[in-house]
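Please read the sequence and the model below with attention to charged side chains and to strand pairing. The text after them goes through selected contacts one at a time.

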Amino acid sequence: MPTKSLERWNRDGDYLKAQFEAAGYQAQLKYSDNDSNQQNNDIQAMIADGVSVLIIAAIDGEALTQTLADAKDAGIPVIAYDRLIMNTDAVSYYVSFDNYTVGVLQGEFVKKAMDLDNAAGPFNIEFTAGDPADNNAGYFFNGAFDTLKPYIDSGKLVVPSGKTTFEQVATPNWSTDTALENMQNTLASYYSDGTVLDIALCSNDSTALGVAQAITSDYAGSNKPVVTGQDGDIANLRNIVDEIQTMTVYKNVSDEAGVTLEVAKALLEGKSPDASLLDSLSADAAYDTSSYDNGTGIIPSYLLVPWTVTKDNLQDLVDTGLYKWDANNQYLESAT
Ligand code: GAL
């Protein structure tokens, strides 16, 4: 797993370890502090230990090529977990969510919240995207941007900072502090004259946390901008109750771990899982053999379904069994 400093990976690691052990496997779980060199060393150590299969959420999708060539030489299959690993033919399968749809859900939410098809506008929007080293980040940004582009082209949506490319709004390491700083600079440069900020389109919760903090501390406007996110992190769910953040795209990572277990089991039984595996999955997923080319060819993928959470359907998270209401029934806590 990439790091413990981004909340969701703690959940992923726990669910993967628990589910593999419950299925009778020994599970080695390592976090690599968002340091790609350390992740290479951690994987090399697992290869030296003779593990049977590698499940990897890459920190930098381009930085594991040599290490995974060693895994292949050792006959160890590799499953790319959540983030695709690039430029290596050592990856057998990819398990993730439909990453482009995550962005589309954020864009669709903005369209509805601002009634973009009917309202006169114009409305001001700023984008905050993810880590350029993370292959997912582009899909999230493109899904949202492609959905809103017609309104940017028509002038109904305006980007006062002019930052409309992924490179201009990317946030290394998905860092909350960097997102905070970037938004503070944008507010100071383009909004200190009373310009209204209507929408802050953030690709995930760790960046949304920083952006929401900047809006709370540095935005002079009296309106509450729409703030998007992804992951269902506890602090962000709290902000959704307090209307500091407006929505998050939820991805049930316990299900993601479950699908990964089924793929690994099939591989360890010498099988080549395909669409027929879907029948044995408890989670809703699609088998995709066209969307994800890692530079060495298409990687067969199992893609789970993300969905939108606002303050009106927080109970749906409790119904997953992974969250519970706090003692005052006001905020959500982790139930695991
Ligand atoms: C992405 C992941 C997101 C988000 C982000 C930061 O790869 O798909 O869910 O958590 O990393 O950790």
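**Salt bridges and a covered strand**

With a relative accessibility of 36%, Lys-149 is partly exposed, a class that lies between buried (under 20% relative accessible area) and exposed (over 50%), computed with a 1.4 Å probe on protein chains only. The model is predicted, so local features need pLDDT of at least 70 and side-chain atom pairs pLDDT 80 or more, while totals for chains, interfaces and linings use all residues. Residues are numbered from 1 along each chain as its sequence is written, and side-chain values use heavy atoms, with hydrogens and water left out.

Side chains of opposite charge can pair when their charged atoms come close. Lys-149 forms a salt bridge with Asp-153, with 2.7 Å between the closest N and O atoms; the term requires a side-chain nitrogen of Lys or Arg within 4 Å of a carboxyl oxygen of Asp or Glu. Both residues belong to helix 5 (residues 135-154), where a spacing of four residues puts them about one helical turn apart. Helices (H or I, at least four residues) and strands (E, at least two) are DSSP runs, numbered from the N terminus. Asp-153 is exposed, at 54% relative accessible area.

The whole structure contains 16 salt bridges. Another of them joins Asp-12 to Arg-8, again with closest N and O atoms 2.7 Å apart. These two residues lie in helix 1 (residues 7-22), four residues apart, or about one turn. Are they buried or exposed? Asp-12 is buried, at 0% relative accessibility, and Arg-8 is buried as well, at 4%.

Arg-8 also forms a salt bridge with Glu-256, where the closest N and O atoms are 3.0 Å apart. Because Arg-8 is in helix 1 and Glu-256 in helix 10 (residues 253-268), the pair ties together parts that are 248 residues apart in sequence. Glu-256, like Arg-8, is buried. Together with Asp-12 and Asp-82, these two residues are linked in a network of salt bridges.

The remaining topic is strand pairing. Strand 3 (residues 91-97) is mostly covered, with six of its seven residues buried. Strand 3 pairs with strand 2 (residues 78-81) in the parallel sense over four bridges; two strands count as paired if DSSP finds at least two bridges between them. Within this pairing, Tyr-94 of strand 3 is the bridge partner of Ala-80. Strand 3 also pairs with strand 10 (residues 301-304), in the parallel sense and over four bridges. Here Ser-96 stands opposite Leu-303 of strand 10.
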